[in-house]
Amino acid sequence: MLRDTVVQVNLGVLADNMKKICEMVGKGVAVMPVIKADGYGHGAVGIAPTLMEQGAAYLAVATLTEALELRTQYKDYPVFILGHTPDRLLPIVVEQNITQTIFSSAQARILAEESKKAGKKAKIHIKVDTGFHRLGIDDLQELKEICSFKEIETEGIFSHLALVNEEENEKQVKKFLGIVDELEKQGIHFKYKHIADSIAAVDYPEYRMNMIRPGALVFGLRSFEKGFVDVEQAMTFVTRISQIRQVRKGEGVGYDYLWKAPENMAIGTLPFGYADGYPRNMRGKGYVTIKGVKCPIIGVICMDQCMVDLSGVPGVKEGDPAIIYGDGSESTMTIEEAAELAGTNKNEIVARISARPPREYIK
Ligand SMILES: *Cc1c(COP(=O)(O)O)cnc(C)c1O
């Protein structure tokens, strides 16, 4: 490790999470873990083998670049793009055997032509807009047209919930199933039908259909409310003290001296900052844990470093480990707490961790 600031990923926890999710949904439901945004900060390529071993039906990502990163490492494993791939790049999707989300007959036509040229059958899942109004269509005629291309395999059909409330969820699911029903009446059938992300997969068993798309849940980030599955946080974000300084009462620390020492005391400089993806707005709220003691971050969080109050830590020395995000034990800050303090959600806290801190995989 060329840095002290490291994202540690516990692959045992990740495997257990995936196992528990598969057990929760049972045999008839395929699990497609979502590992976009570099595996929610955990490192997509590093965690993929663990998910494959646990029987992931697909590895799902948001973009073509993310898909190609996986494809380069894992030549044959099913890879799925949840997002839009521009028309000009669709030939790459065919060439690399990537399953693509599509939402227009124009896209289907391009994939059909490319399939013919390449002598293979591109796989697609059609995205239906049931109310979220992000990607998708709800026009039956166009949906039928997409399904009419013999050169491509329309393997699945899916939608996404806005998760407004139970009533709105129900409306979306009804609309989705109505469209699927209509197509099936015309003799069009899909291997996979899916609408549930992490929260819906746990809270609404009836929405699992025969595939779920959990992201956060795989990493042990719990946002479900009604249901339960015992997943655990797989990530720990750690660093070490670079330097300890003694400051005198009244002296300022950091840019603009926005923090001033209330008394003579020890402060520590830590080698992580907002360029590592730590929220800069944690000023005045964030803390790290050193020797089981919460050490408040003091002053402005810099791009590469920040300072903490060490006055409560007996016998602290340079090089001592500090936990940035832990599992909550020994007074560490969980990703959930970080999200609350930074005023965002758990997914953003992990997704924003940048490529700079190395990922370390623990078996
Ligand atoms: C990101 C994403 C998911 C996973 O979301 P979580 O809330 O992390 O489970 C599922 N489906 C789609 C379409 C997504 O974009």
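**Ground rules.** I am working with a predicted model, in which local features need pLDDT of at least 70, side-chain atom pairs count only at pLDDT 80 or more, and totals for chains, interfaces and linings use all residues. Residues are numbered from 1 along each chain as its sequence is written, and side-chain values use heavy atoms, with hydrogens and water left out.

I then placed Lys36 in helix H2, residues 36–40 (helices are DSSP runs of H or I, at least four residues, numbered from the N terminus).

**Ligand shell.** Which residues come nearest to the ligand? I noted Lys36, Tyr40, Ser198, Gly215 and Ala216, out of 13 residues around the ligand (near means a heavy atom within 4 Å). By class, I see five nonpolar, four polar and four charged residues in the shell (Asp, Glu, Lys and Arg count as charged; Ala, Val, Leu, Ile, Met, Phe, Trp, Tyr, Cys and Pro as nonpolar; the others, Gly among them, as polar).

**Ligand oxygens.** I checked the distances to oxygen atoms of the ligand: a polar side-chain atom lies 2.6 Å away for Tyr40 and 2.5 Å away for Ser198. For Ala216, a backbone N or O atom lies 2.9 Å from a ligand oxygen.

Definitions and conventions: Polar contact = N/O pair within 3.5 Å; in protein donor to acceptor, adjacent residues only side chain to side chain. Helix = DSSP H or I, 4+ residues; strand = E, 2+ residues; numbered from the N terminus.
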